[in-house]
Amino acid sequence: MRKITKAILIILIAVALAIIAFCIFYLGRFETMASIEKLSDYDDGYNLYSMDVKYDYSTQDVIDSGFADTQGYVDAVIKESLPLLPVKMELPEYGCSTYSAKADDGDAIMGRNYDFKLDTSCMVVNCSPRDGFRSIGFAALDNMGADSADKSISSKMACLTAPFGCLGGINEKGVSIAVLTLDSDPTDQNTGREKVTPSLAIRLVLDNAATTEEAVELIDSYDMYAVNGRDYHLFISDATGDSRVVEYDCEDEDRAMVATPVQAATNFFAMYADKVKPNQHNGIYGLGKERYDIFMKIIEQNGGKLTEETAWAALKKVSSDRDPDNVTSNTQWSIVYNNTEKTAKVVLRRNWGDVFSFDIE
């Protein structure tokens with residue numbers, strides 16, 4: 001009897017130690033989940049949330065996983081964000097319009113609409129990596145199955161993957177970035193370098209790039225793998241106003257990366273803008289030229305400069321309602337980044353009177 005009691009005691013001690021070890025291991029993640037805050041309360045149930053990332057994530061660990069497909073990438077993100085725990089995550093198709101220009105006071109402004117046919121809540125992801133730059137990112141919670149981020153433990157746990165699910169953001173050096181979808185075949189470079197996805201590229205840029213030039217060089221040091229069966233390009237701008245779109249040449253068998261200086265980007269290849277007409281699909285070259293033309297006209301009318309008010313006006317003009325047949329419809333959120341002041345102002349689903357402001361400082 002004493003032997004049985006002693007065995008049970010040993011088992012209980014082992015279980016207790018395992019629980020304590022797990023809690024210590026997950027402490028930063030628990031703190032991250034505890035920081036989740038609901039910032040809006042819209043009747044449709046799709047809201048704005050914020051979260052402070054308190055755990056030490058490693059983008060390099062995700063890259064080192066050697067993922068070869070979308071599911072492999074998802075598994076690597078979950079392993080990094082939620083080790084030992086099963087969480088389902090689906091990746092998005094990114095629509096959008098974006099542009100940059102100098103404001104009248106000399107500030108570098110970047111405007112961005114995230115367009116996606118399915119409604120989603122938005123998470124403001126505040127990151128302060130130990131060896132990187134502080135940043136504010138924006139993630140679509142629908143992709144994590146967590147539109148009501150604060151309602152359950154499972155939703156809060158799913159939000160831990162948000163650092164790797166940001167569709168754009170701005171860092172403390174004034175570099176802002178956004179991803180937009182294209183109609184070309186998905187990029188899958190195979191030059192022997194380590195692979196990244198568009199969302200991993202965003203995290204690398206936010207954590208490590210102090211200028212647009214550095215961002216372009218950083219992305220070009222990896223092979224790009226376009227997840228989820230879609231192709232993408234990345235629009236990057238910095239505090240000097242240097243803005244470029246990073247694309248993977250759809251006419252090149254090797255999908256070579258090309259960084260084109262532009263002031264605006266929608267859902268067509270900037271490097272092949274001469275092959276794109278407005279108000280129609282243009283095969284592999286994309287669509288959305290009419291939105292691009294609106295941006296450029298507003299920028300031109302303001303002598304290449306914009307006030308914050310004009311920036312919002314431009315985003316309003318190219319925002320869209322839902323079209324079930326068009327993945328790049330239904331504006332989910334609109335953001336004006338001030339790369340000089342390192343701020344971001346966001347509006348959800350065309351509720352233009354509700355502006356939420358965030359400051360990295």
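Author: The discussion below takes up salt bridges, a helix face and a cavity.

Author: This is a predicted model, in which local features need pLDDT of at least 70 and side-chain atom pairs count only at pLDDT 80 or more, while totals for chains, interfaces and linings use all residues. Residues are numbered from 1 along each chain as its sequence is written, and side-chain values use heavy atoms, with hydrogens and water left out.

Reader: How many salt bridges does a search of the whole structure find?

Author: A salt bridge is a side-chain nitrogen of Lys or Arg within 4 Å of a carboxyl oxygen of Asp or Glu. The search of the whole structure finds 14 salt bridges. One of them joins Asp 223 to Arg 193, with the closest N and O atoms 2.9 Å apart. This pair links distant parts of the chain, 30 residues apart: Asp 223 lies in strand β10 (residues 223–224), and Arg 193 in the loop between β8 (176–182) and β9 (195–196). Helices (H or I, at least four residues) and strands (E, at least two) are DSSP runs, numbered from the N terminus.

Reader: Is Asp 223 buried or exposed?

Author: Buried means under 20% relative accessible area, exposed over 50%, and partly exposed in between (1.4 Å probe, protein chains only). Asp 223 has 1% relative accessibility and therefore counts as buried, whereas Arg 193, at 30%, is partly exposed.

Reader: How far apart in helix α6 are Arg 203 and Asp 207?

Author: They are four residues apart in helix α6 (residues 198–208), which means that about one helical turn separates them. Arg 203 is buried at 1%, and Asp 207 is buried at 7%.

Reader: Which residues are buried in helix α2?

Author: In helix α2 (residues 27–34), the buried residues are Gly 28, Arg 29, Thr 32 and Met 33. Seen down the axis of α2, they fall within an arc of 140°, so they line one face of the helix. The arc is that of the directions from the helix axis to the C-beta atoms.

Reader: What is the volume of the second largest cavity?

Author: On a 1 Å grid over the protein atoms alone, a cavity is a set of points where a 1.4 Å probe fits but cannot get out, and lining residues have an atom within 4 Å of a point. Grid points are joined across faces, edges and corners, and a volume is the space filled by probe spheres set on the points. The second largest cavity has a volume of about 50 Å³. β11 gives the most to its lining, with four residues.

Definitions and conventions:
1 Å grid on protein atoms, 1.4 Å probe; cavity = no way out; pocket = protein on both sides within 12 Å on 5 of 7 lines; lining within 4 Å.
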